[in-house]
Structure formats: structure tokens, C-alpha cells
Amino acid sequence: MFDQAPHEDQPLPFFETPIGTFYQVGYSIGEHFKTRIKNYLNRSDLPFQSIFLPFIRENPNCLDPWIQITSELFPHYMDEIRGLADGSNTPFEWIFALNMLNELRSKIQKHHQDLEEKLKTTQVPKVGGCSEVFVLSDSVSKGEKAIIAHNEDADKSMGEYAYIVKSRYSEKCNNALKSFTIVAYHYPGTLSGNTFGWNDHLIFGTNGKSPLNVLTDKGIPRCFINRSVYESESIEEALETLKKYATQSASGFSTNISTRYKVDIHEESAKIQSKRNQEATYQFYRMCNIELAPPLESNIYISMYNVPIGIEDDTNHEPIHYAHFNHYAHLKGVTEGNVPSSRRRYERSLSFKNICDEDGVRQFLGDTKDTEFPLFRRQQFPDKGKTLATMIANVGEKKIKIYVGNPKYEQPLYDIDLTQE
């Protein structure tokens, strides 16, 4: 599948783990990417050494509530983190902290009123990253279109140490053998789920959110909820997983999902017009966006939007694409922090009247016309984020392309045939 994978010293290397338990998979990733993980963690100019680690040392028990709740709810993921720590010869607390930086930052802000000035002097970015676009059409004249694509945005330093892993798990859970595979883009030392990836059934992209009201002293770090979604075999299962943990989520995010295969479409809002209110079974690719926020301001803490299946033809001029960013689009009643990049990317997206194929997706995600807050981000003032990688999953053609440069101009680093997995 990754026949021409870059070597370890090249951008975005790929690694396939041996089949193993959660601990063994974590250990093999940690051992293989030990240099990347340790180099990232030990850079004095980055926030882990200058902000997060000093706070942990000053407050040695600050991680305990999160360690307790994740150990209770996600013991296997904690095993994987222990494996990552042992394999990379890194303290467990450091790797655990890497998997809850959103929540740790909120806790630091709560305890240090002068953090904003401190952050400015150490150049910790408030990135507010990631863009998503879906293309979905069932047309007799133009053919079927099903694409989910994702720009992964963060501080540029994260991209310098990132990697892609095909993780192969096999472990006894509740007296049954559980075996599955996840392919995902990883930040150094982190679990899968926080960026983009896929399993045998679904393709995922995660967008960070910035609700002002978060659980700073308790709650589940969102990376663990994101990780649990990546084991889902259907959109229905992913939604139930999110509902299960939503009331305990410490921070906000949204999950974008596409099925890899055609499924029964039951939701009237998702069907093409000609198939609505009909009893006959209708099958097509299903895509959705699910937004989640800590339930502090409202009883409504999760919302699902089914991407409607359009019809691309010469007489219908309705768009067959849907774009999503880092502000809440359909979950109402959430007070958000300032996310100027997200709003500006959304405003720019409105000028794209109809994205109908892979080339249109590349033009969209590679757009830089807004020089301050472009869709393809360059971490140039005033924008604090950079587009580190782009995934374009052409579900209908069973192909995934991954770029580390602007997809509008660059060739993909990986061109993956999903039928060859």
C-alpha cells in the first residue's frame, strides 16, 4: 500500500507495526520513531519544554485526575501510551501529556493569569486548525462522486516530527479476540485519531474546536475520544461512541466521516431528491460531520450533519460539496474563543460555487488568495498555523493521496490504492 514510503530521515515517513497487543503496537511505534519523539520533546524553543513541562514539575499531581479517568475508561489506550513511552525511552507522564495538550493548556491558563504574555514570549501558537471538504453526487449523466479531503493544520514544528503509521492490533477484549487495523497521521508520541486516517470501514478527519467553557480539572481528554472513534465500523457506531463519552468530554472537536463502501441511506436529508420518501432501498456512500462540545452551557452537546447527496448535471446548479472548519457550524449555543482563521477560511470557501472533482478539491485546499488567513496555511503573520499535510480520499475510486506541499501545485507524497491493502 505504501510501496514507495519515504525513509525515516525524509518528510512524513511511514511505518507498519507488527501485529500485537495495544502495548506492543505502542512499543514498536515508540521504538521506531524514538529519535523524532525525543527530538520534539527536548527542543527548548518549543512549548513542551518551555511551558507544559515546567507546569507539570511545579504541580506534580496535576495529571492524576486525567490519568485516573482514562485508565478507567480506556485501559487499552493507556497500555499503548505505556508502550510508546517504553519504546521511545521517554517518561510515561511526558507521553501522556502529549495526548492531552489541549486540556493541559486550558488548565495552565486557569492557574496563571499571566500566561498570555508568557505565551507570546515563547511563541506558542493558538492555531485553530484544519479544513475539511466533502464532494458527494449520484448523477446519471456525470457519474458518481464521493470524496472526503482534509488539510491538517498545526504549528510547523509538529510537521517536522510527524509520521504515518499502519497500526495492526490483536488483543483479547472481554473474552473475545479483537483484531483491526488503523492507518493514521500521527504527531510525535500521540495516539491516532487527532488528525486524519482510516480503518477497513471508514475514513476520518478531525477538526479542533475552541469552546470557551471547558473542563479544566476533570473530563476525558479529547484525544482519547477521537482515538475510540477510529475503531468504529459504521457511522452509527461512531455516533454512539461519541454520545457515550460526550457528557464527559473535557474539550470540543468535530469528527468528519465517510464510509468506504456504499451503505443503505435511511436519512431523508442525505438522499438525492428523487429518492426521498420512497420505500425502496437506496445505497450510496454516506458522509457526515459530528460536532461536540463540553456540556457546560447547554443540554445539547453533540450535533450531527449528514452531507446531502447531490446531483451533478448541466441543469442543476446546486453545489455538491460541503466544507467545514474550526468554528461550530450546526451545534448551537456554544460560546467560542476567537478563531479568525476559521472564519476567514469559511468566508473564502463561499466563493467556490461548486467543487465537483479531485482537481477542484486540490484547488480549494491549496487556495492562498486570502493572504492573511488562507485555506492552505503558511504560518505567516497574522496566521499562526501551517498546513502540514493534505489527505484527499477519493472514496468512489478507492484511492487516497497524501501531500506535504500545496496540493494545488505539488505531486502527492503517497498515492495509495485502497484495494491493495
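Ile67, Thr70, Ser71, Glu72 and Leu73 of helix H4 touch Pro75, Met78 and Arg82 of helix H5, where contact means heavy atoms within 4.5 Å. Helices here are DSSP runs of H or I with at least four residues, strands are E runs of at least two, and both are numbered from the N terminus. By class, this H4 and H5 contact holds 4 nonpolar, 2 polar and 2 charged residues. Ala, Val, Leu, Ile, Met, Phe, Trp, Tyr, Cys and Pro count as nonpolar, Asp, Glu, Lys and Arg as charged, and the others, Gly among them, as polar.

Keep in mind that this is a predicted model, in which local features need pLDDT of at least 70, side-chain atom pairs count only at pLDDT 80 or more, and totals for chains, interfaces and linings use all residues. Residues are numbered from 1 along each chain as its sequence is written, and side-chain values use heavy atoms, leaving out hydrogens and water.

**How the helices pack**

Axes are lines fitted to C-alpha atoms, for helices over the stretch in contact, and angles run from 0 to 180 degrees between N-to-C directions.

| Helix pair | Axes | Angle |
|---|---|---|
| H4 and H5 | come within 5 Å | roughly 115 degrees |
| H5 and H10 | come within 11 Å | roughly 105 degrees |
| H10 and H11 | 9 Å apart | about 155 degrees |

The axes of H5 and H10 cross at roughly 105 degrees, which makes H5 roughly perpendicular to H10. Angles under 35 degrees count as roughly parallel, over 145 as roughly antiparallel, 65 to 115 as roughly perpendicular and the rest as oblique. On the H5 side, Tyr77, Met78, Glu80 and Ile81 make the contact, and on the H10 side Phe224, Arg227 and Ser228 do. Sorted by class, that contact has 4 nonpolar, 1 polar and 2 charged residues.

Now follow H10 (residues 222-229) to H11 (residues 235-246), packed at an angle of about 155 degrees. That angle makes H10 roughly antiparallel to H11. Ile225, Ser228 and Val229 of H10 meet Ala238, Thr241, Leu242 and Tyr245 of H11. What classes make up this contact? The residues divide into 5 nonpolar, 2 polar and no charged.

**A pocket to look for**

The second largest pocket is lined by 19 residues, and His76, Tyr77, Lys178, Glu231 and Tyr245 lie nearest its centre. On a 1 Å grid over the protein atoms alone, a pocket is an open set of points where a 1.4 Å probe fits, with protein on both sides within 12 Å along at least five of seven lines; lining residues have an atom within 4 Å of a point. Which helix gives the most to the lining? H11 does, with 4 residues. Altogether, the lining divides into 8 nonpolar, 5 polar and 6 charged residues.

The peptide bond from phenylalanine 381 to proline 382 is cis, with omega near 5 degrees. Proline 382 sits in the loop between helix H13 (358-365) and strand S14 (386-394).
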